[in-house]
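Here is a short briefing for a first look. Take the fold overview, then the helix contacts.

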Amino acid sequence: METGGYLVKTTGPVYPAENVEAEEIEGLVAEIARQTPKLAQALRAQYFDKGTLPFKARKIGVSRTQFKVYVDMGKQWLAGRLSIRV
């Protein structure tokens with residue numbers, strides 16, 4: 001700027017910030033989906049969908065009680081897998 005130059009803004013691609021932990025969780029949820037798809041559906045519905053618990057349960061085609069069981073099982077599975085990596 002002091003020499004009379006000018007600043008050019010780049011028009012190249014802008015990459016989103018990397019979130020290693022989120023990508024690790026998504027990889028584990030994808031692994032759950034291959035083994036037990038309803039667990040993965042319940043986890044994704046619980047954490048990414050809006051609405052009440054009964055609405056989320058109906059969305060994946062299970063009862064409210066079964067939905068809660070799937071979410072709890074998924075969380076336990078994830079906790080077990082994450083504790084192994086330490």
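**Overview**

From the N terminus on, the chain's elements run α-α-α-α. There are four helices and zero strands; helices (H or I, at least four residues) and strands (E, at least two) are DSSP runs, numbered from the N terminus. This is a predicted model: local features need pLDDT of at least 70, side-chain atom pairs count only at pLDDT 80 or more, and totals for chains, interfaces and linings use all residues. Residues are numbered from 1 along each chain as its sequence is written, and side-chain values use heavy atoms, with hydrogens and water left out.

**Whole chain**

- Of the chain's 86 residues, 21% count as buried. Buried means under 20% relative accessible area, exposed over 50%, and partly exposed in between (1.4 Å probe, protein chains only).
- Among contacts in the chain with a separation of 6 or more, 45% join residues 24 or more positions apart. Contact means heavy atoms within 4.5 Å.

**Helix H2**

- Helix H2 covers residues 37-48; at 1.5 Å a residue, its 12 residues should span 16 Å, and its end C-alpha atoms are 16 Å apart, which agrees. The expected span is 1.5 Å times one less than the number of residues.
- Leu-39, Ala-40, Ala-42, Leu-43 and Ala-45 of H2 are buried.
- The buried residues of H2 pack against helix H1 (20-35), helix H3 (53-60) and helix H4 (64-84).

**H2 with H4**

- The axes of H2 and H4 are 8 Å apart, and the packing angle is about 95 degrees. Axes are lines fitted to C-alpha atoms, for helices over the stretch in contact, and angles run from 0 to 180 degrees between N-to-C directions.
- That angle makes H2 roughly perpendicular to H4. Angles under 35 degrees count as roughly parallel, over 145 as roughly antiparallel, 65 to 115 as roughly perpendicular and the rest as oblique.
- On the H2 side, the residues include Leu-39, Leu-43 and Tyr-47; they meet H4 residues including Phe-67, Val-71 and Leu-78.
- By class, this contact of H2 with H4 has 10 nonpolar, two polar and two charged residues. Ala, Val, Leu, Ile, Met, Phe, Trp, Tyr, Cys and Pro count as nonpolar, Asp, Glu, Lys and Arg as charged, and the others, Gly among them, as polar.

**H1 with H4**

- The axes of H1 and H4 come within 11 Å and cross at roughly 120 degrees. H1 and H4 are therefore oblique to each other.
- The contact includes Ile-25, Leu-28 and Ile-32 of H1 and Trp-77, Leu-78 and Arg-81 of H4.
- The contact of H1 with H4 has seven nonpolar, two polar and three charged residues.
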